[in-house]
Amino acid sequence: MIKIKCGTSIMLMLVIILGGSMGWTASLPVVGGVLPDLSPNFSLPKPNDGVVIIEIFSMYCPYCQKEAPNVNKLYDKIQASPNLKSKIRLVGIGVGNSAYEVDVFRKKYSVRFPLYSDGDFKIHQKLGEPRTPYFIGVKINLDGSHRIFYSKLGEFGDVDAFLAEMVRLSGIK
Amino acid sequence: MKIKKTSFDAIMLSFGGVLLALFLAQPVFALSDAYKDNIYNPGMLKPIDSKVKVKVGQKAPDFTLPDIAGGKIALSQYRGKKNVVLSFVPAAWTPVCSDQWPGYNIVRDMFDAHDSVLLGVTVDNIPTLFSWTNQMGKLWFPVLSDFYPHGKVAQQYGILRTDGVAERAIFIIDKKGIIRYIDVHDINQRPSLEVLITELGKLK
């Protein structure tokens, strides 16, 4: 009789203990997958058959600070191409940064692309707490759906090579 | 009846076994990245674990500590010259989500605008502080070691935690050496830059 109840109670205990300790944390963005709902502080652009490159950064992150000029170069390259300019959007989300802190980063590095504030780390948590800088490439479709085609931690290196990769992986022309 | 119950129970036990296996395998699925290997995560800590000994309006206890540039810095050397922001952080090589100094490193102009210097302090020894702060790029402010006697200055200010690290605390001291602002912050959170700059703006 004891044996019969044992298994079920063990299972229930494990669910409670392990579930609690794992905390059911989100995982990082997966290539081929979709982003979780990041509103109200950020939402993807309306359906447009284009690409959004999202930089997850922090004003307090020395790697993001070092990479800022390179990301600006990426933005400039996109803007310099009449074709890519209309198809690729670059945005940044400052995780754990207040609007004030995002503004400091924007002014310090003369960032000309939109930066968003994730002051309470909610977006950071929903994205699986990526370290920074973290780049996500999202292809937006005309029907409003979207697909992640790039999701990586760290600097992206050569701007031309990265841009070419964005075009290739997203399938935009 | 007995057979049905046993099967159900066996299934539940197996499910529990699978759950346990998944839990133990968890680190395999956790993100691995270039920077994480060097960072020890102590988890969520008790927000504050000390009793502050100083008050706003009081003279700031003077001290002399070694800095990572190889010299010594005395608080009193700024008397009559600069306001001082003392930024204590708990320890080198701990989770970056609450890391402050790399952020302060890019707003030197704001400190200058308020005639202020920034002194970064932890209870770590000099070599540790040196390696750790090297990762932040070139810092414009001195970094001081309150290592030996261990946490003596943190203790003077009443911000030495029971496990031997300092609180995440900010003290603003004016040119007369008077404490004008104290923030013994939740160790797990990063103090707001805006609040700090606003408080600096209140100094005359």
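What pattern does chain B follow, read along the sequence? Chain B runs α-β-β-β-α-α-β-α-β-α-β-β-α, which comes to six helices and seven strands. Those elements are DSSP runs numbered from the N terminus, with helices being H or I over at least four residues and strands being E over at least two.

A quick note on ground rules. This is a predicted model, where local features need pLDDT of at least 70, side-chain atom pairs count only at pLDDT 80 or more, and totals for chains, interfaces and linings use all residues. Residues are numbered from 1 along each chain as its sequence is written, while chains are lettered from A and ligands numbered from 1 in the order in which they are written.

Take the contacts in chain B with a separation of 6 or more: 70% of them join residues 24 or more positions apart. A contact here is a pair of C-beta atoms, placed from the backbone, within 7 Å.

The largest nonpolar core has 71 residues, and Leu86(B), Phe88(B), Ala154(B), Ile159(B), Ala166(B) and Phe171(B) touch the most other members. Its largest share, six residues, comes from α2(A). Such a core is a set of buried Ala, Val, Leu, Ile, Met, Phe, Trp, Tyr and Cys residues joined through C-beta atoms within 7 Å. Ala154(B) is worth a click: skipping neighbours within four places in sequence, its contacts are Phe88(B), Val123(B), Asp146(B), Ile159(B), Leu160(B) and Ala166(B).

**Two helices in chain A**

Helix α2 (residues 62–80) and helix α6 (residues 159–170) of chain A have axes that come within 10 Å and cross at roughly 55 degrees. That is why α2(A) counts as oblique to α6(A), since angles under 35 degrees are roughly parallel, over 145 roughly antiparallel, 65 to 115 roughly perpendicular and the rest oblique. The axes are lines fitted to C-alpha atoms over the stretch in contact, with angles from 0 to 180 degrees between N-to-C directions.

On the α2(A) side, Asn70(A), Lys73(A), Leu74(A) and Lys77(A) meet Val159(A), Phe162(A) and Leu163(A) of α6(A). By class, that contact has four nonpolar, one polar and two charged residues; Ala, Val, Leu, Ile, Met, Phe, Trp, Tyr, Cys and Pro count as nonpolar, Asp, Glu, Lys and Arg as charged, and the others, Gly among them, as polar.

Most residues other than glycine have a negative phi, and most peptide bonds are trans. Here are some departures:

| Site | Feature | Loop |
|---|---|---|
| Ser39(A) to Pro40(A) | cis, omega near 10 degrees | Pro40(A): α1 (2–22) to β1 (51–57), chain A |
| Tyr148(B) to Pro149(B) | cis, omega near -5 degrees | Pro149(B): β5 (143–145) to α5 (152–157), chain B |
| Asp115(B) | positive phi, about 55 degrees | α3 (108–113) to β4 (116–122), chain B |

Is Asp49(A) buried or exposed? Asp49(A) is exposed, because 11 other C-beta atoms lie within 10 Å. Asp115(B) counts as partly exposed, with 13 C-beta neighbours inside 10 Å.

Methods: Contact = placed C-beta atoms within 7 Å. Buried ≥ 20, exposed ≤ 12 C-beta atoms within 10 Å, placed from the backbone.
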